[in-house]
Number of protein chains: 2
Amino acid sequence: MSATHDGEPIPVFFLSDSTGISAETMGNALLLHFPDHRFERTLIPFITTPDDAREVVRRIDATMESGVTPLVFATAALDDVRHELVKTRAPLIDFFDMHMQQVEAILGTRGARTPARLHGVGDVKRYNARMQAVEYAIEHDDGQSVRSLDKADVILVAPSRCGKTPTTMYLALQHGLRVANYPLIDDDFTSADLPRPIGHLADRCFGLITSAARLCAVRSERRPDSTYASLRQCTYELKRAEALYRAHDLPIIDSSAKSVEEMSTLILQVLARRSHPAH
Amino acid sequence: MSATHDGEPIPVFFLSDSTGISAETMGNALLLHFPDHRFERTLIPFITTPDDAREVVRRIDATMESGVTPLVFATAALDDVRHELVKTRAPLIDFFDMHMQQVEAILGTRGARTPARLHGVGDVKRYNARMQAVEYAIEHDDGQSVRSLDKADVILVAPSRCGKTPTTMYLALQHGLRVANYPLIDDDFTSADLPRPIGHLADRCFGLITSAARLCAVRSERRPDSTYASLRQCTYELKRAEALYRAHDLPIIDSSAKSVEEMSTLILQVLARRSHPAH
């Protein structure tokens, strides 16, 4: 029994009694460390009955008949589902059971072990806040509306095409923050003040920068050979924007080599430090 | 040493050499099973040096002086960081090390164990596709633009306020799918055909429904006491919408008790089945 055939991708299964997002997240975090292997990923979510589980086991075991050992990542909270899943001939990497036992030991109490629905509606109030945050973000995308900017938890400020919008959406959707974004234009650089609509809101503004080369590349995709996309213009806007951020003490996030998740994490860290100044 | 003091929340730490999103996802999936406990969560991301790690251990150990055992979830891929983190007096729930060993055993090769950056930019092509998908989603939100609808991977169709927009954003941001959404209005119910702009695109349309009571509640928040929000109007629109979906064989997703993550997972399942009809 060998784990890999030359050139053949290794089957990977993510199993869950819920969406499988946790199993995928953790499983992919591990697979990232094997860049030389090819994987063929299959998500099997919503395995909620022993019958479902037996069917899944049949499917996984069938892949073993070709002599390939698949990787099977599972996060099933339901005992009767998990009892069936462990019957697979493939080795099962269970993110739930052992860690659940660790948490139970530390807390000195047994966990509910009902279907978890971490990614379900769950806390309705929190869920609705997330949905409203998405609406708020869309209304306030790219400075479209300056109405109720003072209700923003976070305002992302930057020249056009520095990555404001996806970061805005991520913070809204995943963290329920009301995020507005405000595009800086040439007119905003004639004064040392922040633009009027956000002038009194510096306490919640974050300044985004990127590299001139990257900004030039991104803008050129939209408007090739324009002044707007020229390296000279990009360099100018970034330099002036950064000076403005520094003058007003805005936290500066460099988006040039960072993902929306990384930028969002940095922003959340600043917010956390502000609400718990001790750390 | 007891895990919980009456009424005092239990400190929970999520530690990572990257964003900590994996540690939070898995940790929260476990904590969900202890609804009677209160937790005070602290994310400590970007622990990239042994010095950082020692500082984190000091901070965690300090919380133990009050006699409370914190829960510490970690996903550090860097060996020298992890070697410091395990020195904490608190029990460490390590999502990485043991499972990494399991994967290494199955694949018969050692993982890279460099900083993982699952939530980093990573595969630039895939990352850029996600960012472009967010732009596409915003341009095509709520039927704003019917231009390039034929480039959509998915079109969500529904009466107003059935949850199209957040699901659209989630699929775009997390999965890089180009998702448009199309609001059904009364005029669309006068014909048995799909609305003209999506008439030839039924193969990628998904119909959303919800319960009339829920739709009425959501609409009433926006426009109280309007015909638009009335139970009668909501019932009518949902009934006609569902009939339209059925007539054109659209997959139907009921959003009434489902999160955006759950709806997205169902949609992804349909897409996966279509591209691999065997399963």
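Which residue forms a salt bridge with R113(B)? In this predicted model, the partner is D97(B), and the closest N and O atoms are 3.4 Å apart. D97(B) sits in helix α4 of chain B and R113(B) in the loop between α4 and α5, so the pair ties together parts that are 16 residues apart in sequence. R113(B) counts as buried, at 9% relative accessibility.

Staying in chain B, R110(B) and D79(B) also meet through their side chains in a salt bridge, 3.2 Å from N to O. Here R110(B) is in the loop between α4 (97–107) and α5, D79(B) is in helix α3 (residues 79–85), and the two are 31 residues apart. R110(B) is exposed, with a relative accessible area of 54%, whereas D79(B) is partly exposed at 23%.

Now chain A. R113(A) and D79(A) form a salt bridge of 3.3 Å, N to O. R113(A) lies in the loop between α4 (97–107) and α5 (124–139), and D79(A) in helix α3 (residues 79–85), so this pair joins parts 34 residues apart in sequence. R113(A) is buried at 8% relative accessibility, and D79(A) is partly exposed at 24%. Over all chains, the structure holds 38 salt bridges.

Next, the interface. 81 residues of chain B are in contact with 81 residues of chain A. Between them the chains bury about 6800 Å², 70% of it on carbon and sulfur atoms. On the chain B side, H33(B), I106(B) and L107(B) lose the most area to chain A, together 11% of what that side buries.

The rule finds eight salt bridges across this interface. R222(A) and E135(B) meet in a salt bridge of 2.7 Å, N to O. Helix α5 (residues 124–139) of chain B gives the most to its side, with nine residues. By class, that side has 41 nonpolar, 23 polar and 17 charged residues.

The same surface serves both copies, as 100% of the contact residues of chain B recur in chain A.

Last, one residue in strand β5 (residues 154–159) of chain A, I155(A). I155(A) is buried, with a relative accessible area of 0%. Its contacts beyond four places in sequence include L149(A), I198(A), L201(A) and F206(A). I155(A) and N181(A) are 26 residues apart in sequence, but 5.2 Å apart in space, C-alpha to C-alpha.

How values were computed
Residues are numbered from 1 along each chain as its sequence is written. Chains are lettered from A and ligands numbered from 1 in the order in which they are written. This is a predicted model: local features need pLDDT of at least 70, side-chain atom pairs count only at pLDDT 80 or more; totals for chains, interfaces and linings use all residues. Side-chain values use heavy atoms; hydrogens and water are left out. Contact means heavy atoms within 4.5 Å. Buried area is the accessible area (1.4 Å probe) that two parts lose on being put together, summed over both. A salt bridge is a side-chain nitrogen of Lys or Arg within 4 Å of a carboxyl oxygen of Asp or Glu. Helices (H or I, at least four residues) and strands (E, at least two) are DSSP runs, numbered from the N terminus. Ala, Val, Leu, Ile, Met, Phe, Trp, Tyr, Cys and Pro count as nonpolar, Asp, Glu, Lys and Arg as charged, and the others, Gly among them, as polar. Buried means under 20% relative accessible area, exposed over 50%, partly exposed in between (1.4 Å probe, protein chains only).
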